[in-house]
Amino acid sequence: MMEKSYIHNGVPWFDQKGETVNAHGVCLLKEGEKYYLFGEYKTDDVNKYIGFSCYSTENLSDWYFEGLALQPQNEGLLGPNRIGERPKVIKNHKTGKFVMLMHTDDLKYMDPCIGLATCDSIDGTFEFQGPLLFNGEPIRRWDLGTFVDEDGTAYLLIHEGDIYRLSDDYLTAVEKVSENIAPGGESPAMFRQDENYFIMFSNKTSWERNDNYYLVAKDLHGPWVNQGLFCPEGSLTYNSQCSFVFSLEAKGKNVPIYMGDRWSFPQQASSATQVWLPITVVGKTCLIPEYWPVWDSETISKVSIEGIEEPLEFQSNKNGESVSYTFNGSQVIVFGTSDCHSGYADFLIYDELGELIHTAVVDFYSLVPDSNSRYVSPKFPTGNYMLKVIVTGTNGVWYKKDGTKFGSDDFYVTLQRVKVCNED
Ligand code: DGJ
């Protein structure tokens with residue numbers, strides 16, 4: 001029996017239509033009984049802004065695509081051929097408005113600017129307002145995060161570690177409360193536990209993962225103390241980059257949940273995935289001691305999915321080579337290895353009439369090898385199905401601003417086994 005509140009890490013998630021959840025550099029908010037996820041609506045080819053998506057869920061497991069929260073603009077900071085990244089939505093309880101801050105840029109990341117959009121409802125269409133101003137000037141920086149303190153004061157977090165306090169209506173920045181606390185740091189994410197503020201950063205390695213770290217302070221003005229890594233060294237933050245920390249009410253307390261991106265350039269829309277894990281906080285230290293491929297967001301515990309396991313050994317780097325597996329059940333989980341010699345695979349599911357009912361693209365690249373679940377299919381009515389996995393002969397390769405090459409050096413797809421689950 002597949003529980004409803006399970007979070008699967010590092011695999012594509014699917015929405016109500018079976019389409020890949022396309023939300024990256026995300027933030028999560030709870031409004032009423034639902035959680036709302038806002039993120040970059042990515043492309044699979046040219047890296048450019050085509051909107052920010054909004055998904056809702058009641059259980060952090062079944063995702064409903066609400067549509068684009070912010071549309072591409074006809075001109076300006078989020079017009080054609082621009083970058084839009086890391087939308088962060090905060091609710092202003094005084095004005096009742098939802099405020100979205102984001103990174104806008106040109107396609108070469110040479111024209112960064114923090115943008116502002118607003119909306120009267122969490123699931124409505126946001127209206128782009130232009131740059132967020134500080135002392136009447138745009139903030140010309142890129143990676144950002146937001147943090148709302150217990151008293152409702154909101155903060156804008158910037159790469160390298162600048163922190164701005166926002167005005168009461170959240171529509172301007174009014175005070176720079178800290179500056180340059182994390183030189184070289186990107187993708188800031190903050191949370192508070194009791195009297196301590198924690199802020200996480202990645203290092204600058206473009207779409208590649210690295211060992212993220214954190215600082216702690218009792219006051220947002222500092223002093224900030226660098227506490228080092230919060231995941232085991234060399235795990236590259238379990239192959240992810242921090243984006244947001246959500247305070248989840250579970251087991252009668254607030255549990256900070258790390259939310260990170262496992263990027264997959266260039267096929268981000270199809271294959272970039274999420275890594276969400278609970279953070280253990282003890283005093284001034286925070287830690288994610290272990291990678292949980294799947295865990296229960298109600299009990300905050302690692303779980304194992306019930307099902308029947310069978311070997312499905314396959315390894316190939318030849319474009320078009322494939323392996324098939326027929327099963328009777330309602331869901332299939334495929335386990336395999338990702339490493340720096342691997343590429344993309346097409347995953348196809350056919351029903352017993354031979355009709356193609358589901359497709360996904362899975363990235364087998366990771367700098368640090370990882371043998372875990374690579375694909376968790378949507379749930380289907382119990383029946384007979386065929387899974388087909390095809391080597392695409394493509395892989396993730398990209399370059400940093402300074403020309404450094406990143407990504408895979410081959411096209412391997414490596415599988416070990418499958419697990420078939422049955423809802424009945
Ligand atoms: C790292 C940033 O954290 C991402 O949001 C994105 O801008 C990439 N760089 C682009 O290379």
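Between domain 1 and domain 2 an area of about 2200 Å² is buried, and carbon and sulfur atoms contribute 55% of this area. Buried area here is the accessible area (1.4 Å probe) that two parts lose on being put together, summed over both. Of the area that domain 1 buries against domain 2, 22% is supplied by F14, E208 and F265, more than by any other three residues. The structure is a predicted model, in which local features need pLDDT of at least 70 and side-chain atom pairs count only at pLDDT 80 or more, whereas totals for chains, interfaces and linings use all residues. Residues are numbered from 1 along each chain as its sequence is written, and side-chain values use heavy atoms, with hydrogens and water left out.

Domain 1 spans 6–302 and domain 2 spans 308–421, with bounds that come from an automatic or database domain assignment. Their C-alpha centres are 28 Å apart. The contact (heavy atoms within 4.5 Å) takes 28 residues from domain 1 and 30 residues from domain 2.

What is the count of salt bridges between domain 1 and domain 2? It is 0, where a salt bridge is a side-chain nitrogen of Lys or Arg within 4 Å of a carboxyl oxygen of Asp or Glu. Polar contacts, however, are found across the interface in 9 residue pairs, both residues at pLDDT 80 or more. A polar contact is a pair of N or O atoms within 3.5 Å; within protein, one must be able to donate a hydrogen and the other to accept it, and residues adjacent in sequence count only if both atoms are side-chain atoms. On the side of domain 1 that touches domain 2, the elements giving two or more residues are α1 (236–239) and α2 (268–271). Helices (H or I, at least four residues) and strands (E, at least two) are DSSP runs, numbered from the N terminus.

Turning to aromatic residues, the whole structure holds 28 aromatic pairs. Rings of Phe, Tyr and Trp (its six-membered ring) pair if their centres lie within 6.5 Å; planes under 30 degrees apart count as stacked, over 60 as edge-to-face and the rest as tilted. W207 and W263 form an edge-to-face pair, at 4.8 Å centre to centre and 65 degrees between the planes. Because W207 lies in the loop between β17 (196–202) and β18 (213–217) and W263 in the loop between β21 (253–262) and α2, the pair ties together parts that are 56 residues apart in sequence.

The loop between β21 and α2 also holds P266, which a cis peptide bond joins to F265, with omega about 10 degrees.
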